[in-house]
Amino acid sequence: MPTSAAPLAVICAMAEEEAALAELMVHVETRMLLGRRVVLGQLDGHDVVVSESGVGKVASAVTAALLAHEFGCRGLVVSGVAGGLDPALHIGDTVIAHSLVQHDYGHLQDAAMIPFRPGVPPLGEHRRDYAFELAPDLIDRLTRAAAEIDLPDLPADLAAPGERRRRVLMGRILSGDQFINSEVVRRRLHTEFGAQAVEMEGAAVAQVGALLGLPVVVVRCLSDLAGADSHLDFPRFVAAVAPGAATVLRRVIRELW
Ligand code: SAH
């Protein structure tokens, strides 16, 4: 079985997401790190350190930096749930990010939001590099891995009648300090950014990864579709779909060693 001195850090925003992953780990030990509980152990023979960061960009970025510094991590992973933006996607589908954008970072000019690269002043000529992109070879490997994954059907009381198999795909994921519960915003985010999903942490951890020179992989199973019903769908589906992200992560993790 593979082992390594440098573990992978896994950041989960919420307890449901962390629990789905901790259930699959062995040789588990728990430590506290600046008020955060960190679970150390192995996932299929790979060393991982997992922590529940709390929701939002600051909480997840602080946790990512702490884990990277304390454990000398080889890479950063965010695992959990998200709202779907692409109307082709269903609740329970899973997106692996090839590109991450902080959709709330930029220059607000009248009604127009001009995205900028986080960390630079939101004026001037930096706007073109606003996305954090994965390395092309890692994208290729993750694309092949995604095609091999078969997720189990959702429980019968949650699955839509006649629904197709759950999809696992590569896509662009947006992050911002807002829970999206609006059809107008869902449509705007999908068309303006060409994105598949929206959540509140991934692109903040991508910024930390860029600073530290570490790869960042974000895996998100859809708990809602970010539109008018997302405030109802999120609590209904979060516990049922969180294990989907953990299942996908289990396959993806092999590509980070
Ligand atoms: N704990 C709160 C809600 C958490 S916010 C509650 O009990 O109501 C939603 C969490 O899931 C965030 O961590 C975010 O990353 C993800 N998420 C799921 N759907 C989302 C959406 N529609 N918009 C933004 N983030 C979403």
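Student: How many salt bridges does a search of the whole structure find?
Tutor: The search finds 18 salt bridges. A salt bridge here is a side-chain nitrogen of Lys or Arg within 4 Å of a carboxyl oxygen of Asp or Glu. Before we go on: this is a predicted model, so local features need pLDDT of at least 70 and side-chain atom pairs count only at pLDDT 80 or more, while totals for chains, interfaces and linings use all residues. Residues are numbered from 1 along each chain as its sequence is written, and side-chain values use heavy atoms, with hydrogens and water left out.

Student: OK. Which side chain meets Glu199 in a salt bridge?
Tutor: Arg220, at 2.9 Å, N to O. The pair links distant parts of the chain: Glu199 is in strand S11 and Arg220 in strand S12, 21 residues apart. Helices (H or I, at least four residues) and strands (E, at least two) are DSSP runs, numbered from the N terminus.

Student: Are Glu199 and Arg220 buried or exposed?
Tutor: Both are buried. Buried means under 20% relative accessible area, exposed over 50%, and partly exposed in between, with a 1.4 Å probe and protein chains only.

Student: What about Arg220 and Glu201?
Tutor: They form a salt bridge too, with the closest N and O atoms 2.7 Å apart. Glu201 sits in the loop between S11 and H5 and Arg220 in strand S12, so the bridge ties together parts 19 residues apart in sequence. Arg220 has a relative accessible area of 1%, and Glu201 has 5%. Elsewhere, salt bridges that share partners join Asp137, Arg141, Glu148, Arg251 and Glu255 into one network.

Student: Where do Glu192 and Arg188 sit?
Tutor: In helix H4 (residues 183-193), four residues apart, separated by about one helical turn. An α-helix has 3.6 residues a turn, so residues three or four places apart point the same way. The side chains of Glu192 and Arg188 meet in a salt bridge at 3.4 Å, N to O. Glu192 is partly exposed at 45% relative accessibility, and Arg188 is partly exposed at 32%.

Student: Switching to the ligand. How many residues surround it?
Tutor: 18 residues, the closest being Ile180, Glu199, Met200, Glu201 and Asp224. Near means that a heavy atom of the residue lies within 4 Å.

Student: Which polar atoms face it?
Tutor: The side chain of Glu201 has an N or O atom 2.6 Å from a ligand oxygen. A polar backbone atom of Ile180 is 2.9 Å from a ligand nitrogen. A backbone N or O atom of Gly83 lies 3.3 Å from a ligand nitrogen. Taken alone, the ligand exposes 560 Å², and the protein buries 76% of that. Those areas come from the Shrake-Rupley method with a 1.4 Å probe. The elements giving two or more residues to the shell are strand S5 (75-84), strand S11 (197-199) and strand S12 (216-224).

Student: What's the story with Asp47?
Tutor: Asp47 is buried yet has no salt bridge. The nearest side chain of opposite charge, Arg74, is 7.7 Å away. For charge, Lys and Arg count as positive and Asp and Glu as negative; His and the chain ends are not counted. Asp47 is found in strand S4 (residues 46-52). Its side chain makes a polar contact with the side chain of Gln42 at 2.9 Å. A polar contact is a pair of N or O atoms within 3.5 Å; within protein, one must be able to donate a hydrogen and the other to accept it, and residues adjacent in sequence count only if both atoms are side-chain atoms.

Student: How many disulfides?
Tutor: The count comes to zero. A disulfide is a pair of cysteine sulfur atoms within 2.5 Å.

Student: Last one, backbone. What is phi at Leu34?
Tutor: Positive, about 45°, although Leu34 is not a glycine. Leu34 is in the loop between strand S2 (26-33) and strand S3 (36-43). Leu34 is exposed, at 67% relative accessible area. Ala226 also has a positive phi, near 60°. Ala226 is in the loop between S12 and helix H6 (230-252), and is buried at 1%.
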